[in-house]
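Q: Please take me through this model, term by term. I want each label set against its cut-off.

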Amino acid sequence: MYGYESYVAIGDSFTEGLNDGLPDGSFRGWADRLAEILAGGRSGFHYANLALRGKMLAEIVDEQLPIVLETHPDLVTMCAGGNDIIVPGADVDAVAEQFEAAVAKLRAAGIQVVIFNGPDTKQLSVMHVLRGKVGIYNAHLWAIADRHGAKMVDLWAMEALHDRRAWSGDRLHFTPEAHRRIALRAASVLQVPIDGDWREPWPETDEHSTWITSRRSDLEWTKMHLLPWIRRHLKGESMGDGLSPKRPELAPFVPNPPSVTTDFVPAPPVAPTAQGTLSTQDSY
């Protein structure tokens with residue numbers, strides 16, 4: 001159905017599915033949701049998800065890309081490089097060059113490739129300082145997609161992701177509702193019929209942040225997410241250390257149970273224009 005009989009997702013925590021939780025403590029995520037759409041209830045559709053939280057682009061290329069080339073699926077989605085470009089002093093151009101080399105290998109093998117650019121962080125307190133780097137990387141990704149005939153899921157332009165309710169409390173990973181919308185957007189890029197509208201406005205809300213609540217939220221976020229990342233970074237550790245991909249083999253797709261939370265989970269109140277500095281933050 002729709003021309004795809006097999007699909008492999010590669011990347012980091014975005015593709016693994018954080019924070020679209022399942023009852024067993026694992027994650028569903030947009031890629032599993034997209035696989036369900038592509039499968040269309042068929043037993044013969046095959047899917048693998050090799051993505052793992054904290055992975056840098058070089059690790060994805062070394063560990064995940066060879067499996068894709070060996071199994072040769074009809075479709076691969078690739079989102080990578082986010083963990084690289086947020087590191088202070090990172091060479092965004094060099095990261096893009098490495099990303100392009102991977103896309104070129106996939107396309108040379110005759111595999112349809114879908115890539116994702118970075119979302120706009122303008123509305124997120126503190127995180128907005130990364131906006132320039134993400135924008136430069138996104139420009140590279142658009143050029144890569146054009147040069148190699150890859151399809152692009154434009155997260156930056158998804159207005160639904162500009163609402164803070166699309167973001168988890170860590171200000172980095174998406175809520176279940178955002179994952180659902182991203183899956184619908186990816187399916188539409190593939191010209192696959194979808195049941196739902198990813199453009200649908202969020203419900204009206206009476207919640208408003210103040211300077212005080214925003215500063216409290218910033219402090220809590222720093223304690224819970226930023227400082228632990230810095231400690232791991234200094235030790236050379238990653239969130240994904242000791243973990244394995246949730247769907248490591250290209251096998252018949254088995255749908256997930258419903259997510260723990262199917263409605264949006266509001267992030268802590270934040271002020272869109274709050275000032276602050278950010279040296280680095282948790283991994284994608």
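A: Along the sequence the chain runs β-α-α-β-α-β-α-α-β-α-β-α-α-β. That makes eight helices and six strands. Helices (H or I, at least four residues) and strands (E, at least two) are DSSP runs, numbered from the N terminus. The model is predicted, so local features need pLDDT of at least 70 and side-chain atom pairs count only at pLDDT 80 or more, while totals for chains, interfaces and linings use all residues. Residues are numbered from 1 along each chain as its sequence is written, and side-chain values use heavy atoms, with hydrogens and water left out.

Q: Why is Leu 34 called buried?
A: Its relative accessibility is 0%. Buried means under 20% relative accessible area, exposed over 50%, partly exposed in between (1.4 Å probe, protein chains only). Therefore Leu 34 counts as buried. Leu 34 belongs to helix α2 (residues 29-39).

Q: What does Leu 34 touch, not counting residues up to four places away in sequence?
A: Tyr 7, Thr 77, Ala 183, Ala 186, Ala 187 and Leu 190. Contact means heavy atoms within 4.5 Å.

Q: What makes Asp 84 buried?
A: Asp 84 has a relative accessible area of 14%, so it is buried. Asp 84 sits in helix α4. Leaving out residues up to four places away in sequence, Asp 84 touches Met 56, Leu 57, Ala 90 and Val 95.

Q: Where does α3 kink?
A: At Gln 64, by about 40°, shortly before the proline Pro 66. The bend at a residue is the angle between axes fitted to the seven residues ending there and the seven starting there.

Q: Which residues of α3 are buried, and what do they pack against?
A: Leu 57, Ile 60, Val 61, Gln 64, Leu 65 and Val 68 are buried. The buried residues of α3 pack against β1 (6-11), β3 (75-79), α4 (82-85) and α5 (92-108).

Q: Is His 72 buried, partly exposed or exposed?
A: His 72 has 40% relative accessibility, so it counts as partly exposed. His 72 lies in the loop between α3 and β3. Its phi is positive, near 50°, in a residue other than glycine.

Q: What makes Gln 191 exposed?
A: At 71% relative accessibility, Gln 191 counts as exposed. Gln 191 is in the loop between α7 (176-189) and α8 (211-235).
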